[in-house]
Amino acid sequence: MLDPYLKEALVARLTAWADDEVVLAQRLSEWVGHAPILEEDIAIANLAQDELGHAKVWLELRQELDGSDPDHLVFFRDPLEYQNAVLVELPKGDWAFTMVRQYLFDAYENLWLKEATKSAYLPLAEAAGRILKEEKFHLSHSSLWLERLGQGTEESHRRAQEALDTLFPYVRQLFQLLPTDEALVEVGVLPDLRALEAPYLEEVGARLERVGLRPPQGGYVPKSRQEHTEYLWSLLAEMQSVARWDPEAKAW
Amino acid sequence: MVKLRIGYPEDPDYGERLAEFEARIARGEKIEPGDWMPAEYRRQLIRMISQHAHSEWVGMLPEGAWIPRAPSIRRKLILLAKVQDEAGHGQYLYHAAETLGITREEMVEALLSGKAKYSNIFNYPTLTWADVGIIGWLVDGMAIKNQTMLAQCSYGPYSRAMVRICAEETFHHKQGKEAVLLYAKGSRKQRQMVQDALNRWWWPTLMMAGPHDTDSPHTPLLLRWGIKTKTNDQVRQEFLNEHVPELLEAGLRIPDPHLRYDEKTGNWIHGPIPWDEFWKVINGEGPMNRQRLLARRRAHEEGRWVREALEAYAQRQLAQAAD
(Lines give C-alpha, C1' and ligand atoms only; values in the text may rest on other atoms or scores of the structure.)
Protein backbone atom coordinates (compact mmCIF):
# COMPACT_ATOMS: atom_id res chain seq x y z
CA MET A 1 0.00 0.00 0.00
CA LEU A 2 0.96 3.63 0.35
CA ASP A 3 3.96 4.55 2.49
CA PRO A 4 3.47 7.39 5.00
CA TYR A 5 4.91 10.02 2.68
CA LEU A 6 2.65 9.02 -0.22
CA LYS A 7 -0.29 8.81 2.12
CA GLU A 8 0.30 12.36 3.26
CA ALA A 9 0.74 13.47 -0.33
CA LEU A 10 -2.53 11.86 -1.35
CA VAL A 11 -4.32 13.45 1.59
CA ALA A 12 -3.13 16.87 0.38
CA ARG A 13 -4.21 16.15 -3.20
CA LEU A 14 -7.65 14.85 -2.21
CA THR A 15 -8.15 17.92 -0.04
CA ALA A 16 -7.28 20.26 -2.90
CA TRP A 17 -9.82 18.54 -5.17
CA ALA A 18 -12.46 18.53 -2.47
CA ASP A 19 -11.89 22.23 -1.75
CA ASP A 20 -12.36 23.08 -5.43
CA GLU A 21 -15.67 21.25 -5.41
CA VAL A 22 -16.91 22.67 -2.10
CA VAL A 23 -16.18 26.24 -3.09
CA LEU A 24 -17.60 25.86 -6.60
CA ALA A 25 -20.75 24.21 -5.20
CA GLN A 26 -21.10 27.18 -2.87
CA ARG A 27 -20.94 29.66 -5.74
CA LEU A 28 -23.41 27.61 -7.78
CA SER A 29 -25.82 27.33 -4.89
CA GLU A 30 -26.00 31.13 -4.69
CA TRP A 31 -27.95 31.01 -7.96
CA VAL A 32 -30.66 28.66 -6.78
CA GLY A 33 -33.95 30.55 -6.94
CA HIS A 34 -32.43 33.37 -9.00
CA ALA A 35 -31.60 31.78 -12.37
CA PRO A 36 -32.69 33.42 -15.64
CA ILE A 37 -35.21 30.65 -16.35
CA LEU A 38 -36.83 28.10 -14.08
CA GLU A 39 -35.24 25.23 -16.02
CA GLU A 40 -31.81 26.58 -15.11
CA ASP A 41 -32.75 26.79 -11.43
CA ILE A 42 -33.22 23.05 -11.72
CA ALA A 43 -29.97 22.56 -13.60
CA ILE A 44 -27.84 24.70 -11.32
CA ALA A 45 -29.20 23.08 -8.16
CA ASN A 46 -28.26 19.80 -9.74
CA LEU A 47 -24.74 20.98 -10.58
CA ALA A 48 -24.23 22.22 -7.04
CA GLN A 49 -25.39 18.89 -5.64
CA ASP A 50 -23.09 16.97 -7.92
CA GLU A 51 -20.04 19.11 -7.14
CA LEU A 52 -20.67 18.87 -3.42
CA GLY A 53 -21.25 15.15 -3.80
CA HIS A 54 -17.84 14.88 -5.48
CA ALA A 55 -16.24 16.78 -2.60
CA LYS A 56 -17.81 14.22 -0.30
CA VAL A 57 -16.29 11.39 -2.34
CA TRP A 58 -12.79 12.90 -2.10
CA LEU A 59 -13.13 13.63 1.60
CA GLU A 60 -14.33 10.11 2.28
CA LEU A 61 -11.27 8.76 0.46
CA ARG A 62 -9.21 11.02 2.68
CA GLN A 63 -11.09 9.73 5.73
CA GLU A 64 -10.03 6.21 4.84
CA LEU A 65 -6.42 7.38 4.87
CA ASP A 66 -6.26 9.55 7.98
CA GLY A 67 -9.58 9.17 9.80
CA SER A 68 -10.48 12.84 9.36
CA ASP A 69 -14.13 13.93 9.53
CA PRO A 70 -15.37 15.39 6.20
CA ASP A 71 -17.80 17.82 7.84
CA HIS A 72 -15.13 19.06 10.18
CA LEU A 73 -12.82 19.73 7.26
CA VAL A 74 -15.48 21.65 5.34
CA PHE A 75 -16.99 23.66 8.17
CA PHE A 76 -14.14 24.22 10.62
CA ARG A 77 -11.11 24.98 8.48
CA ASP A 78 -10.10 28.61 8.09
CA PRO A 79 -9.62 30.44 4.78
CA LEU A 80 -5.84 30.11 5.00
CA GLU A 81 -6.22 26.34 5.25
CA TYR A 82 -8.43 26.03 2.19
CA GLN A 83 -6.59 24.69 -0.86
CA ASN A 84 -9.06 25.55 -3.61
CA ALA A 85 -7.97 27.18 -6.84
CA VAL A 86 -8.78 30.87 -7.27
CA LEU A 87 -10.93 30.15 -10.33
CA VAL A 88 -13.75 28.67 -8.23
CA GLU A 89 -13.84 31.27 -5.46
CA LEU A 90 -14.42 34.35 -7.62
CA PRO A 91 -17.90 35.81 -7.04
CA LYS A 92 -20.61 34.32 -9.22
CA GLY A 93 -20.94 37.38 -11.46
CA ASP A 94 -23.59 37.27 -14.17
CA TRP A 95 -24.90 34.19 -15.96
CA ALA A 96 -22.13 34.42 -18.55
CA PHE A 97 -19.45 34.47 -15.84
CA THR A 98 -20.97 31.47 -14.09
CA MET A 99 -21.40 29.43 -17.25
CA VAL A 100 -18.00 30.27 -18.76
CA ARG A 101 -16.35 29.30 -15.47
CA GLN A 102 -18.37 26.13 -15.37
CA TYR A 103 -17.33 25.24 -18.90
CA LEU A 104 -13.63 25.88 -18.17
CA PHE A 105 -13.80 23.81 -15.00
CA ASP A 106 -15.88 21.00 -16.53
CA ALA A 107 -13.45 20.65 -19.43
CA TYR A 108 -10.58 20.38 -16.94
CA GLU A 109 -12.39 17.84 -14.80
CA ASN A 110 -13.31 15.67 -17.76
CA LEU A 111 -9.72 15.61 -18.85
CA TRP A 112 -7.99 14.74 -15.60
CA LEU A 113 -10.71 12.42 -14.34
CA LYS A 114 -10.34 10.32 -17.47
CA GLU A 115 -6.63 9.98 -16.69
CA ALA A 116 -7.34 9.33 -13.01
CA THR A 117 -9.46 6.28 -13.87
CA LYS A 118 -6.09 4.63 -14.60
CA SER A 119 -4.71 5.47 -11.14
CA ALA A 120 -2.67 2.79 -9.43
CA TYR A 121 -4.62 3.61 -6.27
CA LEU A 122 -7.81 1.69 -6.97
CA PRO A 123 -10.21 3.62 -4.73
CA LEU A 124 -9.17 6.77 -6.61
CA ALA A 125 -9.53 5.10 -10.02
CA GLU A 126 -13.03 3.88 -9.13
CA ALA A 127 -14.15 7.22 -7.71
CA ALA A 128 -12.84 9.04 -10.78
CA GLY A 129 -14.86 6.70 -13.01
CA ARG A 130 -18.06 7.37 -11.07
CA ILE A 131 -17.56 11.12 -11.03
CA LEU A 132 -16.61 11.23 -14.70
CA LYS A 133 -20.06 9.91 -15.62
CA GLU A 134 -21.68 12.97 -14.04
CA GLU A 135 -19.05 15.36 -15.32
CA LYS A 136 -19.83 14.39 -18.90
CA PHE A 137 -23.33 15.77 -18.39
CA HIS A 138 -21.94 18.93 -16.83
CA LEU A 139 -19.67 19.46 -19.79
CA SER A 140 -22.43 19.03 -22.34
CA HIS A 141 -24.61 21.48 -20.37
CA SER A 142 -21.93 24.15 -20.05
CA SER A 143 -20.67 23.64 -23.64
CA LEU A 144 -24.15 24.30 -24.93
CA TRP A 145 -24.37 27.46 -22.84
CA LEU A 146 -20.99 28.58 -24.16
CA GLU A 147 -22.38 28.18 -27.66
CA ARG A 148 -25.64 29.97 -26.91
CA LEU A 149 -23.83 32.87 -25.27
CA GLY A 150 -21.11 33.09 -27.88
CA GLN A 151 -23.57 32.91 -30.76
CA GLY A 152 -26.65 34.46 -29.18
CA THR A 153 -26.84 38.25 -29.17
CA GLU A 154 -24.19 40.91 -29.28
CA GLU A 155 -24.71 41.44 -25.57
CA SER A 156 -24.37 37.78 -24.66
CA HIS A 157 -21.22 37.55 -26.75
CA ARG A 158 -19.73 40.63 -25.08
CA ARG A 159 -20.53 39.31 -21.60
CA ALA A 160 -19.11 35.86 -22.37
CA GLN A 161 -15.91 37.38 -23.77
CA GLU A 162 -15.53 39.62 -20.70
CA ALA A 163 -15.99 36.63 -18.42
CA LEU A 164 -13.43 34.67 -20.39
CA ASP A 165 -10.94 37.55 -20.18
CA THR A 166 -11.19 37.48 -16.39
CA LEU A 167 -11.33 33.73 -15.90
CA PHE A 168 -8.94 32.27 -18.41
CA PRO A 169 -5.61 33.05 -16.73
CA TYR A 170 -6.77 31.28 -13.55
CA VAL A 171 -7.33 28.05 -15.47
CA ARG A 172 -3.57 27.57 -15.67
CA GLN A 173 -3.41 27.23 -11.90
CA LEU A 174 -5.41 24.01 -12.15
CA PHE A 175 -2.50 22.26 -13.88
CA GLN A 176 0.10 23.11 -11.24
CA LEU A 177 1.39 20.40 -8.97
CA LEU A 178 1.29 20.58 -5.20
CA PRO A 179 4.79 20.26 -3.70
CA THR A 180 4.05 16.64 -2.79
CA ASP A 181 2.33 15.67 -6.03
CA GLU A 182 5.47 14.62 -7.85
CA ALA A 183 5.87 11.51 -5.73
CA LEU A 184 2.27 10.49 -6.48
CA VAL A 185 2.84 10.97 -10.20
CA GLU A 186 5.97 8.83 -10.07
CA VAL A 187 4.13 5.82 -8.63
CA GLY A 188 1.16 6.23 -10.96
CA VAL A 189 -1.34 7.28 -8.30
CA LEU A 190 -1.88 10.72 -9.81
CA PRO A 191 -1.92 11.69 -13.49
CA ASP A 192 0.68 14.31 -14.34
CA LEU A 193 -1.49 17.40 -14.45
CA ARG A 194 1.27 19.42 -16.13
CA ALA A 195 1.08 17.13 -19.14
CA LEU A 196 -2.66 17.78 -19.47
CA GLU A 197 -2.34 21.52 -19.88
CA ALA A 198 -1.43 21.45 -23.59
CA PRO A 199 -4.25 19.10 -24.65
CA TYR A 200 -6.63 21.18 -22.52
CA LEU A 201 -5.61 24.44 -24.16
CA GLU A 202 -5.98 22.84 -27.56
CA GLU A 203 -9.41 21.37 -26.92
CA VAL A 204 -10.81 24.41 -25.15
CA GLY A 205 -9.18 26.82 -27.59
CA ALA A 206 -10.82 25.03 -30.53
CA ARG A 207 -14.25 25.12 -28.94
CA LEU A 208 -13.96 28.76 -27.97
CA GLU A 209 -12.99 29.61 -31.50
CA ARG A 210 -15.97 27.69 -32.91
CA VAL A 211 -18.37 29.82 -30.85
CA GLY A 212 -16.58 33.07 -31.65
CA LEU A 213 -14.76 33.63 -28.35
CA ARG A 214 -11.07 34.32 -27.94
CA PRO A 215 -8.91 33.28 -24.98
CA PRO A 216 -6.91 36.28 -23.70
CA GLN A 217 -3.13 36.37 -23.71
CA GLY A 218 -1.27 36.59 -20.42
CA GLY A 219 -2.93 37.57 -17.16
CA TYR A 220 -2.08 36.75 -13.59
CA VAL A 221 -1.66 33.09 -12.68
CA PRO A 222 -1.61 32.25 -8.95
CA LYS A 223 1.59 30.47 -8.00
CA SER A 224 0.20 27.98 -5.53
CA ARG A 225 -2.98 26.87 -3.86
CA GLN A 226 -2.05 28.93 -0.83
CA GLU A 227 -3.01 31.99 -2.84
CA HIS A 228 -6.52 33.33 -2.59
CA THR A 229 -8.54 36.45 -3.21
CA GLU A 230 -10.33 38.54 -0.62
CA TYR A 231 -13.59 36.82 -1.60
CA LEU A 232 -12.79 33.51 0.08
CA TRP A 233 -13.15 34.75 3.65
CA SER A 234 -16.74 35.93 3.25
CA LEU A 235 -17.68 32.85 1.24
CA LEU A 236 -16.47 30.59 4.05
CA ALA A 237 -17.82 32.87 6.77
CA GLU A 238 -21.30 32.46 5.37
CA MET A 239 -20.92 28.77 4.63
CA GLN A 240 -19.62 27.97 8.11
CA SER A 241 -21.83 30.38 10.04
CA VAL A 242 -24.43 27.91 11.32
CA ALA A 243 -22.02 25.06 11.98
CA ARG A 244 -19.72 27.34 14.01
CA TRP A 245 -22.56 29.21 15.74
CA ASP A 246 -23.04 26.60 18.44
CA PRO A 247 -19.88 24.92 19.71
CA GLU A 248 -21.98 22.65 21.95
CA ALA A 249 -23.98 21.14 19.10
CA LYS A 250 -22.97 17.51 18.61
CA ALA A 251 -24.90 16.89 15.44
CA TRP A 252 -26.59 18.81 12.65
CA MET B 1 -52.95 33.75 -28.07
CA VAL B 2 -56.54 33.01 -29.05
CA LYS B 3 -58.79 33.02 -26.02
CA LEU B 4 -61.28 30.20 -25.86
CA ARG B 5 -64.86 31.41 -26.10
CA ILE B 6 -66.62 28.26 -25.04
CA GLY B 7 -68.35 27.03 -21.93
CA TYR B 8 -70.26 30.21 -21.05
CA PRO B 9 -73.77 30.10 -19.55
CA GLU B 10 -75.13 32.21 -22.42
CA ASP B 11 -74.07 29.56 -25.01
CA PRO B 12 -77.18 27.83 -26.46
CA ASP B 13 -75.99 24.30 -25.57
CA TYR B 14 -74.58 25.22 -22.15
CA GLY B 15 -77.28 23.52 -20.06
CA GLU B 16 -77.02 20.25 -21.90
CA ARG B 17 -73.22 20.24 -21.93
CA LEU B 18 -73.01 21.17 -18.27
CA ALA B 19 -75.27 18.24 -17.36
CA GLU B 20 -73.02 15.86 -19.33
CA PHE B 21 -69.91 17.36 -17.74
CA GLU B 22 -71.26 17.05 -14.22
CA ALA B 23 -72.37 13.48 -14.90
CA ARG B 24 -68.82 12.61 -15.97
CA ILE B 25 -67.44 14.06 -12.76
CA ALA B 26 -70.05 12.21 -10.71
CA ARG B 27 -68.88 8.98 -12.38
CA GLY B 28 -65.33 9.78 -11.27
CA GLU B 29 -64.02 10.39 -14.79
CA LYS B 30 -61.12 12.78 -15.31
CA ILE B 31 -61.60 15.87 -17.46
CA GLU B 32 -58.79 16.19 -20.01
CA PRO B 33 -57.43 19.29 -21.79
CA GLY B 34 -59.43 19.01 -25.04
CA ASP B 35 -62.72 18.18 -23.31
CA TRP B 36 -65.62 20.57 -23.00
CA MET B 37 -65.65 22.31 -19.64
CA PRO B 38 -67.51 25.30 -18.20
CA ALA B 39 -65.52 28.53 -18.59
CA GLU B 40 -65.76 28.96 -14.83
CA TYR B 41 -64.16 25.51 -14.26
CA ARG B 42 -61.31 26.54 -16.55
CA ARG B 43 -60.97 29.89 -14.79
CA GLN B 44 -60.88 28.36 -11.30
CA LEU B 45 -58.32 25.78 -12.35
CA ILE B 46 -56.06 28.34 -14.01
CA ARG B 47 -56.28 30.41 -10.83
CA MET B 48 -55.48 27.48 -8.56
CA ILE B 49 -52.80 25.78 -10.64
CA SER B 50 -50.95 29.00 -11.48
CA GLN B 51 -51.07 30.09 -7.84
CA HIS B 52 -49.69 26.71 -6.95
CA ALA B 53 -46.89 27.07 -9.53
CA HIS B 54 -46.07 30.57 -8.28
CA SER B 55 -45.95 29.21 -4.73
CA GLU B 56 -43.32 26.70 -5.73
CA TRP B 57 -41.28 29.33 -7.52
CA VAL B 58 -41.51 31.97 -4.78
CA GLY B 59 -41.20 29.23 -2.18
CA MET B 60 -37.66 28.54 -3.37
CA LEU B 61 -36.56 31.87 -1.87
CA PRO B 62 -37.03 31.47 1.90
CA GLU B 63 -35.37 28.06 1.94
CA GLY B 64 -32.91 28.77 -0.85
CA ALA B 65 -31.45 31.53 1.30
CA TRP B 66 -30.16 28.82 3.67
CA ILE B 67 -28.50 26.57 1.11
CA PRO B 68 -25.22 28.50 1.39
CA ARG B 69 -25.36 28.22 5.22
CA ALA B 70 -26.51 24.63 5.67
CA PRO B 71 -24.39 23.26 8.55
CA SER B 72 -23.27 19.90 7.16
CA ILE B 73 -22.54 18.31 3.79
CA ARG B 74 -25.58 16.07 4.16
CA ARG B 75 -27.96 18.91 5.08
CA LYS B 76 -26.70 21.00 2.19
CA LEU B 77 -27.21 18.14 -0.28
CA ILE B 78 -30.71 17.53 1.07
CA LEU B 79 -31.68 21.19 0.92
CA LEU B 80 -30.31 21.58 -2.60
CA ALA B 81 -32.33 18.56 -3.69
CA LYS B 82 -35.44 19.90 -1.98
CA VAL B 83 -35.28 23.35 -3.52
CA GLN B 84 -34.51 21.75 -6.86
CA ASP B 85 -37.68 19.69 -6.48
CA GLU B 86 -39.62 22.89 -5.86
CA ALA B 87 -38.33 24.35 -9.12
CA GLY B 88 -39.34 21.09 -10.81
CA HIS B 89 -42.82 21.25 -9.28
CA GLY B 90 -43.16 24.83 -10.45
CA GLN B 91 -42.18 23.86 -13.97
CA TYR B 92 -44.54 20.89 -13.95
CA LEU B 93 -47.45 22.97 -12.67
CA TYR B 94 -46.89 25.77 -15.17
CA HIS B 95 -47.16 23.12 -17.87
CA ALA B 96 -50.35 21.75 -16.30
CA ALA B 97 -51.85 25.26 -16.32
CA GLU B 98 -50.79 25.75 -19.94
CA THR B 99 -53.08 22.87 -20.94
CA LEU B 100 -55.97 25.21 -20.03
CA GLY B 101 -55.00 27.84 -22.59
CA ILE B 102 -52.71 30.25 -20.76
CA THR B 103 -48.99 30.71 -21.42
CA ARG B 104 -46.18 30.63 -18.89
CA GLU B 105 -45.26 34.18 -19.89
CA GLU B 106 -48.77 35.40 -19.06
CA MET B 107 -48.65 33.66 -15.69
CA VAL B 108 -45.19 35.02 -14.89
CA GLU B 109 -46.33 38.49 -15.89
CA ALA B 110 -49.32 38.19 -13.55
CA LEU B 111 -46.99 37.20 -10.70
CA LEU B 112 -44.41 39.91 -11.32
CA SER B 113 -47.02 42.64 -11.65
CA GLY B 114 -48.40 41.63 -8.25
CA LYS B 115 -51.75 40.56 -9.72
CA ALA B 116 -51.43 36.85 -9.05
CA LYS B 117 -51.32 35.35 -5.58
CA TYR B 118 -49.05 32.65 -4.19
CA SER B 119 -49.11 30.83 -0.88
CA ASN B 120 -49.16 33.34 1.95
CA ILE B 121 -46.71 31.29 3.97
CA PHE B 122 -43.79 32.44 1.84
CA ASN B 123 -44.34 36.03 2.90
CA TYR B 124 -42.71 35.19 6.22
CA PRO B 125 -38.93 35.34 6.69
CA THR B 126 -36.65 32.42 7.55
CA LEU B 127 -34.72 33.76 10.53
CA THR B 128 -32.63 30.77 11.55
CA TRP B 129 -31.50 27.40 10.26
CA ALA B 130 -34.24 25.71 12.31
CA ASP B 131 -36.82 27.36 10.07
CA VAL B 132 -35.70 25.02 7.29
CA GLY B 133 -36.59 22.01 9.45
CA ILE B 134 -39.92 23.45 10.57
CA ILE B 135 -40.86 24.38 7.00
CA GLY B 136 -40.10 20.84 5.88
CA TRP B 137 -42.09 19.20 8.64
CA LEU B 138 -45.02 21.57 9.11
CA VAL B 139 -45.38 23.71 6.00
CA ASP B 140 -44.75 20.76 3.71
CA GLY B 141 -46.86 18.63 6.04
CA MET B 142 -49.82 20.94 5.44
CA ALA B 143 -49.01 21.11 1.72
CA ILE B 144 -49.09 17.31 1.52
CA LYS B 145 -52.54 17.17 3.14
CA ASN B 146 -53.78 19.64 0.57
CA GLN B 147 -52.02 18.01 -2.36
CA THR B 148 -53.14 14.49 -1.44
CA MET B 149 -56.66 15.86 -1.62
CA LEU B 150 -55.89 17.55 -4.96
CA ALA B 151 -54.51 14.29 -6.38
CA GLN B 152 -58.20 13.28 -6.53
CA CYS B 153 -58.98 16.42 -8.54
CA SER B 154 -61.33 15.98 -11.50
CA TYR B 155 -58.89 17.69 -13.89
CA GLY B 156 -56.52 15.01 -15.20
CA PRO B 157 -53.29 17.02 -15.65
CA TYR B 158 -53.56 18.61 -12.20
CA SER B 159 -54.42 15.33 -10.55
CA ARG B 160 -51.46 13.54 -12.14
CA ALA B 161 -49.11 16.41 -11.27
CA MET B 162 -50.21 16.09 -7.66
CA VAL B 163 -49.54 12.36 -7.52
CA ARG B 164 -45.99 12.94 -8.65
CA ILE B 165 -45.42 15.99 -6.48
CA CYS B 166 -46.79 14.28 -3.35
CA ALA B 167 -44.22 11.51 -3.70
CA GLU B 168 -41.42 14.06 -3.55
CA GLU B 169 -43.07 16.14 -0.83
CA THR B 170 -43.10 13.07 1.37
CA PHE B 171 -39.30 13.14 1.31
CA HIS B 172 -39.32 16.88 2.14
CA HIS B 173 -41.62 16.21 5.08
CA LYS B 174 -39.45 13.37 6.36
CA GLN B 175 -36.17 15.32 6.26
CA GLY B 176 -37.80 18.28 8.05
CA LYS B 177 -39.18 16.09 10.78
CA GLU B 178 -35.89 14.30 11.22
CA ALA B 179 -34.04 17.63 11.62
CA VAL B 180 -36.58 19.07 14.06
CA LEU B 181 -36.56 15.94 16.22
CA LEU B 182 -32.75 16.02 16.31
CA TYR B 183 -32.61 19.69 17.32
CA ALA B 184 -35.42 19.26 19.86
CA LYS B 185 -33.12 16.80 21.66
CA GLY B 186 -29.94 18.71 20.84
CA SER B 187 -27.84 21.40 22.53
CA ARG B 188 -29.41 24.25 24.48
CA LYS B 189 -29.08 26.63 21.55
CA GLN B 190 -30.49 24.09 19.11
CA ARG B 191 -33.50 23.47 21.36
CA GLN B 192 -34.14 27.20 21.71
CA MET B 193 -33.76 27.74 18.00
CA VAL B 194 -36.22 25.04 17.02
CA GLN B 195 -38.82 26.12 19.60
CA ASP B 196 -38.54 29.69 18.35
CA ALA B 197 -39.07 28.51 14.79
CA LEU B 198 -42.18 26.56 15.82
CA ASN B 199 -43.55 29.62 17.63
CA ARG B 200 -43.21 31.74 14.54
CA TRP B 201 -44.45 29.22 11.93
CA TRP B 202 -47.34 27.61 13.80
CA TRP B 203 -50.14 30.05 13.01
CA PRO B 204 -49.05 30.86 9.46
CA THR B 205 -49.00 27.10 8.83
CA LEU B 206 -52.56 26.63 10.11
CA MET B 207 -53.65 29.52 7.91
CA MET B 208 -52.17 27.83 4.84
CA ALA B 209 -55.25 25.62 4.57
CA GLY B 210 -57.24 28.78 3.83
CA PRO B 211 -60.15 30.53 5.55
CA HIS B 212 -62.76 28.59 7.52
CA ASP B 213 -65.39 26.91 5.34
CA THR B 214 -67.93 29.50 6.44
CA ASP B 215 -65.70 32.25 4.94
CA SER B 216 -64.72 30.43 1.76
CA PRO B 217 -67.15 31.40 -1.01
CA HIS B 218 -65.55 29.26 -3.77
CA THR B 219 -65.67 25.99 -1.84
CA PRO B 220 -69.17 24.66 -2.72
CA LEU B 221 -68.59 25.05 -6.47
CA LEU B 222 -65.06 23.64 -6.28
CA LEU B 223 -66.39 20.59 -4.43
CA ARG B 224 -69.28 20.10 -6.84
CA TRP B 225 -66.92 20.05 -9.81
CA GLY B 226 -64.44 17.84 -8.04
CA ILE B 227 -61.66 20.42 -8.22
CA LYS B 228 -61.36 20.05 -4.47
CA THR B 229 -62.53 16.96 -2.67
CA LYS B 230 -62.21 18.26 0.89
CA THR B 231 -62.90 21.59 2.54
CA ASN B 232 -60.27 23.86 4.08
CA ASP B 233 -61.32 22.94 7.61
CA GLN B 234 -61.16 19.21 6.85
CA VAL B 235 -57.62 19.58 5.50
CA ARG B 236 -56.57 21.64 8.52
CA GLN B 237 -58.05 19.03 10.87
CA GLU B 238 -56.13 16.21 9.23
CA PHE B 239 -52.94 18.20 9.60
CA LEU B 240 -53.55 18.86 13.29
CA ASN B 241 -54.44 15.28 14.12
CA GLU B 242 -51.21 14.01 12.61
CA HIS B 243 -48.78 16.69 13.75
CA VAL B 244 -49.91 17.81 17.21
CA PRO B 245 -49.18 14.51 18.98
CA GLU B 246 -45.80 14.22 17.26
CA LEU B 247 -44.75 17.77 18.16
CA LEU B 248 -45.75 17.22 21.79
CA GLU B 249 -43.95 13.88 21.83
CA ALA B 250 -40.81 15.71 20.64
CA GLY B 251 -41.02 17.90 23.75
CA LEU B 252 -41.94 21.06 21.85
CA ARG B 253 -44.54 23.58 23.05
CA ILE B 254 -47.29 24.51 20.61
CA PRO B 255 -48.02 28.25 20.91
CA ASP B 256 -51.81 27.87 21.29
CA PRO B 257 -53.12 28.06 24.88
CA HIS B 258 -56.56 26.84 23.73
CA LEU B 259 -55.33 23.74 21.92
CA ARG B 260 -57.15 20.66 23.27
CA TYR B 261 -57.96 17.08 22.40
CA ASP B 262 -61.60 16.24 21.90
CA GLU B 263 -62.27 12.71 23.15
CA LYS B 264 -65.59 12.43 21.39
CA THR B 265 -64.39 13.12 17.86
CA GLY B 266 -60.73 12.21 18.29
CA ASN B 267 -59.81 15.62 16.92
CA TRP B 268 -57.28 18.18 18.12
CA ILE B 269 -59.13 21.50 18.40
CA HIS B 270 -57.16 24.70 17.87
CA GLY B 271 -57.85 28.11 19.43
CA PRO B 272 -58.84 31.21 17.46
CA ILE B 273 -56.71 31.74 14.36
CA PRO B 274 -55.43 35.33 13.86
CA TRP B 275 -57.31 35.89 10.61
CA ASP B 276 -56.72 39.64 10.68
CA GLU B 277 -53.08 38.90 10.06
CA PHE B 278 -53.95 36.43 7.31
CA TRP B 279 -55.95 39.02 5.37
CA LYS B 280 -53.30 41.65 5.89
CA VAL B 281 -50.54 39.39 4.55
CA ILE B 282 -52.60 38.17 1.62
CA ASN B 283 -53.26 41.76 0.65
CA GLY B 284 -49.59 42.63 0.55
CA GLU B 285 -48.89 43.75 4.11
CA GLY B 286 -46.84 40.76 5.24
CA PRO B 287 -43.24 40.96 6.44
CA MET B 288 -41.71 39.70 3.19
CA ASN B 289 -44.28 40.33 0.43
CA ARG B 290 -42.31 43.13 -1.10
CA GLN B 291 -38.96 41.36 -0.78
CA ARG B 292 -40.24 38.18 -2.43
CA LEU B 293 -41.68 40.06 -5.37
CA LEU B 294 -38.56 42.19 -5.74
CA ALA B 295 -36.37 39.08 -5.77
CA ARG B 296 -38.52 37.49 -8.50
CA ARG B 297 -38.53 40.70 -10.53
CA ARG B 298 -34.79 41.15 -10.16
CA ALA B 299 -34.06 37.61 -11.36
CA HIS B 300 -36.45 38.19 -14.25
CA GLU B 301 -34.83 41.50 -15.23
CA GLU B 302 -31.28 40.24 -14.83
CA GLY B 303 -32.13 37.14 -16.84
CA ARG B 304 -33.67 39.08 -19.72
CA TRP B 305 -30.49 39.25 -21.81
CA VAL B 306 -29.97 35.51 -21.25
CA ARG B 307 -33.45 34.68 -22.51
CA GLU B 308 -32.88 36.97 -25.49
CA ALA B 309 -29.64 35.15 -26.26
CA LEU B 310 -31.43 31.80 -26.02
CA GLU B 311 -34.08 33.01 -28.41
CA ALA B 312 -31.56 34.45 -30.89
CA TYR B 313 -29.51 31.26 -30.79
CA ALA B 314 -32.61 29.11 -31.35
CA GLN B 315 -33.65 31.28 -34.31
CA ARG B 316 -30.21 30.95 -35.81
CA GLN B 317 -30.30 27.17 -35.42
CA LEU B 318 -33.71 27.05 -37.10
CA ALA B 319 -32.51 29.21 -39.97
CA GLN B 320 -29.46 27.00 -40.44
CA ALA B 321 -31.57 23.86 -40.38
CA ALA B 322 -33.82 25.36 -43.05
CA ASP B 323 -30.88 26.13 -45.37
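Visitor: How many helices and strands does chain B have?
Guide: Chain B has 12 helices and two strands, counting DSSP runs numbered from the N terminus, with helices as H or I of at least four residues and strands as E of at least two. This is a predicted model, where local features need pLDDT of at least 70, side-chain atom pairs count only at pLDDT 80 or more, and totals for chains, interfaces and linings use all residues. Residues are numbered from 1 along each chain as its sequence is written, while chains are lettered from A and ligands numbered from 1 in the order in which they are written.

Visitor: And what pattern does chain B follow along the sequence?
Guide: It reads α-α-α-α-α-α-α-α-α-β-β-α-α-α.

Visitor: Switching topic, how many residues of chain B are in contact with chain A?
Guide: 39 residues of chain B, and they meet 43 residues of chain A. Contact means that the C-beta atoms, placed from the backbone, lie within 7 Å.

Visitor: Which helix of chain B gives the most to that side?
Guide: α3(B), with 12 residues. At least two residues each come from α2 (39–64), α3 (73–98), α7 (188–208) and α12 (304–322) of chain B.

Visitor: Back to the whole chain: what does chain B span along its principal axes?
Guide: The C-alpha trace of chain B spans about 65 × 55 × 35 Å.

Visitor: How much of chain B is buried?
Guide: Buried residues are 41% of the 323 in chain B; buried means that 20 or more other C-beta atoms lie within 10 Å of the residue's own, with C-beta atoms placed from the backbone.

Note on methods: Two residues are in contact if their C-beta atoms, placed from the backbone, lie within 7 Å. A residue is buried if 20 or more other C-beta atoms lie within 10 Å of its own, exposed if 12 or fewer, and partly exposed in between; C-beta atoms are placed from the backbone.
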